[in-house]
Each structure stands twice: as C-alpha cells, then as structure tokens.
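Me: I'd like to learn how to read a structure like this one. Could you walk me through a few features?

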Amino acid sequence: MSTVEHSTPAPADVQAAGPIPLVSVVIPCLNEEENIEQCVRDASAALHAGGFDGEVLVVDNDSDDRSVEVAQAAGARVIIERRRGYGSAYLAGFAAARGEYIVMADADLTYDFGEISRFVDELQAGAQLVMGDRMDNIKPGAMPWLHRYVGNPVLTGILNLFFRTGVGDAHCGMRALRRDVLPALDLRTTGMEFASEMVIRASKQELLISEVPIEYHPRGGESKLSSFRDGWRHLRFLLVHSPTHLFVIPGLVMIGLGALVSATVLLNIDVLGRRWDLHTLIGGSLLTIVGSEVLTMGLCAHAYGTYFMGEKDAWFDWARARFRLEHGLALGGAVMLAGVLVGGVVIVHWIERGFGALAEERLAILAATLVIVGLQVFFSSFLLSILGLRRRATDLPLDDERPLRA
C-alpha cells in the first residue's frame, strides 16, 4: 500500500513506524512522469530478486506533472519535499528512509536498478559508502562529450587532489550507504553539490568507501542539469571546503615569491641580466602583504571548520596542539619590531642629513612591509584564539591556568 507524506518524520518516528527493512531505495523526482513508474517497478523487482526486505521511497521535489500519482500507483512510498534542489530531496528522503541500507538512484532511467544487489553486497561486506563508477561503461549518447571528457574527470581529479578520496567517478548518482553513518556525514547542502559533499565528508570521517562498476544509459525525458552552473557549484564547494588549497597554499606561495622578489632588489642581485629596482620592490612588498593576509584567512577558515563544523585536518590539528596565542603574538611582535628598527634607521639617516632630502625608499618600503605583516600576524592570532573558544569541553586543557591555543 503506497503512501504520500507531506512532512519529513523524525528519525525516532521512522523507527517506530514498524519493522525496519534491510534496504530503502531512495529516488529523487522532479517532473519525471514518463520515467518514474518504470524506476519504481525496476527497484521493487530488484529488491525481490535479491531477496531483500525493502521499500521504494520516491521524494517528489515539487513536481508540476503527475509524478506523484504515477509513483504512488506503482507502489512507492512518496515524500513531498517542496524545497527544490537535489540535496534537499535526498535530505528529506534520508530522514524518511527506514532501511538499514540506503540505495540512491536517479529517476531518469540512466541507472540499472538491477545493480542494487551488488551495492548491498558491498555494504554487507563492510563498506560504509558504495559508489557507482560509470566511466568505463557509458552507453552511446548517455553522457555529453563535455561531461565525459572534461567536467567529470576534472572535478573528480580536483576532489581527489584536495581530499584524497581515491574514487573514480565522484559524481555518479547511483550509490549506497549505511543509514547509521548519516550522523557522521552531517550532510547539509541542498543543490547538486550534495554529491560532492557526501564523498568529501565520507573521506574526512575516514569511512570505508568501495566502488562498483556500473553501466550508464541515455536518460528518458528532459535533463535538469545545467552544465556550467552545476559544474561551478561543485567546484565552488570543493574550494570552500578545502581552505588549504584555497587560502594556505596560495598564501604561502605569494609570501615566498614576494620575499624572493624583495630580496633580489634589496641585495642588488642581477636577474635576467638586469638589476631590478623600486617598482619591483613595491610588487614584492604587495605580494608579501597580500600573501600573509590570505594565509591568516586560511588558518581562520581551518579554525572555523574544526571548532564549528567538526572538520578534521591532520596538519592543523598538529599545529593547534603545539602553538598557543602567545606564540602568534611573539611572532607578530618580532616582525613589527624589525619593521620599527628598519624605520628607525631611515629616521637616523634623515637626521644625519639635517632633515633634508632623503632617498631611502627601499628601506622605507621594507619597514612598512614588516610592520603591516607583523600587525596582521598579531591580531590574527587573537582571532584564532577567539575561534578556539568554541571548542568542546573535552578539547579544553585540564589545567585552567594554561592559555588558550590559537
């Protein structure tokens, strides 16, 4: 008997609704009247063929066609999620799913529901997240050239570079997971980037991820995917959730390059057969200042992710366990003092010349750069310490006299 639910039940209510099935097949649906009946019937047949006690759950994402009626008539339990978005639909579906295992698949006939048993077998063997891998089994006309050879490989490559997930097809829409890992995943995004978030969070939580090669078929009906908009949303999500690559590495590169450029000018080193002067020094100074600001933003982003979002990053955890607020204040103060001393040399030269003309532009730029960078380090250390106040009680030092770490 199929049902339509207009509100998402709480997990406790879901468990109390009756015996817990082994598998919940969750299918997001937006105007898929032409395809949803076959999807539901194929999913039900796959559960029966595999001997799995299961349910087919269709999450209708505010369709304006007959998708709800068709899915219900085919035997699915239907959830209505008015808030549009791929992630919104799945978040509602996960909250309503009752199965121990959750299998995800789109409602566009691109995936073979007969593969469900292979995903369940992987979960039963110990995997916590099972990803489909379409890339070697794409049927003619199933995936546009741009997606197959540019979009998906590039985004999957960036995701693996940033988060070391090791998956071959990070955006495959057919996947499965254990329902008990959902609290650890803490999924939040509402759009297409939901697919990336699941893989990233699973990797950060060190879940056991396995892959299943599957076929990818031409879709039925009209595609809702916007190549550039959704591709940008995925890339934006990857960058935002990797402060190391977005802030820390570019900041360190700019600082190193700026210091190198400044040093060649201050030490009168010939580069490319010529000696570089004041304008080059200004460029090196700007690179150093901007780089230090970008680096401190990256550290603050890491602190926010760690203390407020439960993120884990090995090197940041190592650093915060060893460095305290006072270390940052001492470093910032030392850099500022160096700048003040260099500025003092400029003033002494000015006095020696009777407060007349002064041509110490190089030292003046160096002094200003050191003072600015020192101020950034000094006050950013306080900001890091303030963010650290949000730590859980179990993370706080036992000794109340011990200063908060930055």
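This is a predicted model: local features need pLDDT of at least 70, side-chain atom pairs count only at pLDDT 80 or more; totals for chains, interfaces and linings use all residues.

Reply: Residues are numbered from 1 along each chain as its sequence is written, and side-chain values use heavy atoms, with hydrogens and water left out.

Me: How are α11 and α14 oriented to each other?

Reply: Angles under 35 degrees count as roughly parallel. Helix α11 (residues 278–308) and helix α14 (residues 361–388) pack at about 5°, axes 10 Å apart, so the two are roughly parallel.

Me: Is Ser 292 buried or exposed?

Reply: Buried means under 20% relative accessible area. Ser 292, in helix α11, has 5%, so it's buried.

Me: Which residues does Ser 292 touch?

Reply: Contact means heavy atoms within 4.5 Å. Leaving out residues up to four places away in sequence, Ser 292 touches Ile 255, Val 373 and Gln 376. Ile 255 is 37 residues away in sequence, yet 6.3 Å away in space, C-alpha to C-alpha.

Me: How many residues has the largest nonpolar core?

Reply: A nonpolar core is a set of buried Ala, Val, Leu, Ile, Met, Phe, Trp, Tyr and Cys residues joined through side-chain atoms within 4.5 Å. The largest here has 42 residues, and Ile 36 is one of those with the most contacts inside it. Helix α2 (36–50) gives the most to this core, six residues. Apart from it lies another core of 35 residues, including Leu 57 and Val 199.

Conventions: Axes are lines fitted to C-alpha atoms, for helices over the stretch in contact, and angles run from 0 to 180 degrees between N-to-C directions. Helices (H or I, at least four residues) and strands (E, at least two) are DSSP runs, numbered from the N terminus. Angles under 35 degrees count as roughly parallel, over 145 as roughly antiparallel, 65 to 115 as roughly perpendicular and the rest as oblique. Buried means under 20% relative accessible area, exposed over 50%, partly exposed in between (1.4 Å probe, protein chains only).
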